[in-house]
Amino acid sequence: IDSINNRLVSTKGKSKKPKFDWKKLLPPPLIGFFVALIFLFFEIPLLPILHTTLNYLGDMVTPLSLIYIGIVLHDAGLKSMRLNKDSIGGIVGRFVISPIIMFCLIMVLQYGAGIVLEPIAIITFVVQSAGPVIAVLPIVANESKADLPFATGLVMISTILFVVVIPIIMEILTMIGIQA
């Protein structure tokens, strides 16, 4: 009993070291991505049934996430689509900063590395970088115990604003001389 009491007394002053969670570092989608890279890199053929099944699963991701967003939006109400400083920051990051970074990266590759892209490719990359927030964001937010209504609102706001942003981006690209 004395040895147990001594161990209890000696461990009371020590703080427990936080345990490293491998599930957070290597979530299943990331592991799946690495496995897919191995299959692609080594050109490993898949059985046709497996290939078809995986294609069906991949095709279901966006519709299922949009259904999930609809459910969360119904539960949270339209009040989750508020424009506050955080959502404005996300929108500015998505619609302004991201396309500027993409355009600068394309220019650095073009003038620094000599990689020349067709105008349609430049337009595609810049427009894709300014696309709405990914539809699976609320699912990721829910899994990581983050702010689900905020993530859902951000997806909805960015999807609605995307209709306005695309003509503006296309006009800016036309003004700087990039036309399809």
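Guide: The angle between helix α5 (residues 85-112) and helix α8 (residues 148-175) is about 40°, and their axes lie 10 Å apart. Axes here are lines fitted to C-alpha atoms over the stretch in contact, with angles running from 0 to 180 degrees between N-to-C directions. The crossing of α5 and α8 is right-handed, meaning that the near helix is turned clockwise from the far one by less than a right angle.

This is a predicted model, in which local features need pLDDT of at least 70 and side-chain atom pairs count only at pLDDT 80 or more, while totals for chains, interfaces and linings use all residues. Residues are numbered from 1 along each chain as its sequence is written, and side-chain values use heavy atoms, with hydrogens and water left out.

On the α5 side, the residues that meet α8 include Gly 90, Ile 91, Phe 95, Pro 99 and Phe 103. Their partners in α8 include Phe 150, Leu 154, Leu 161, Phe 162 and Ile 169. Contact means heavy atoms within 4.5 Å.

Pro 99 also touches Ser 129, which lies in helix α6 (residues 119-129). Not counting residues up to four places away in sequence, Ser 129 touches Arg 94, Ser 98 and Met 102 as well. Ser 129 is buried, with a relative accessible area of 9%; buried means under 20%, exposed over 50%, and partly exposed in between, with a 1.4 Å probe and protein chains only.

Of its 180 residues, 21% count as buried. Among contacts between residues at least 6 apart in sequence, 73% join residues at least 24 apart.

Two aromatic pairs are counted, the rule being ring centres within 6.5 Å, with planes under 30 degrees apart stacked, over 60 edge-to-face and the rest tilted. Phe 33 and Phe 34 form a tilted pair, with centres 5.9 Å apart and planes at 55°. Phe 33 is partly exposed at 46%, as is Phe 34 at 40%. Phe 41 and Phe 42 pair edge-to-face, at 5.0 Å and 80°. Phe 41 is exposed at 66%, and Phe 42 is exposed at 57%.

Conventions. Helices (H or I, at least four residues) and strands (E, at least two) are DSSP runs, numbered from the N terminus. Rings of Phe, Tyr and Trp (its six-membered ring) pair if their centres lie within 6.5 Å; planes under 30 degrees apart count as stacked, over 60 as edge-to-face and the rest as tilted.
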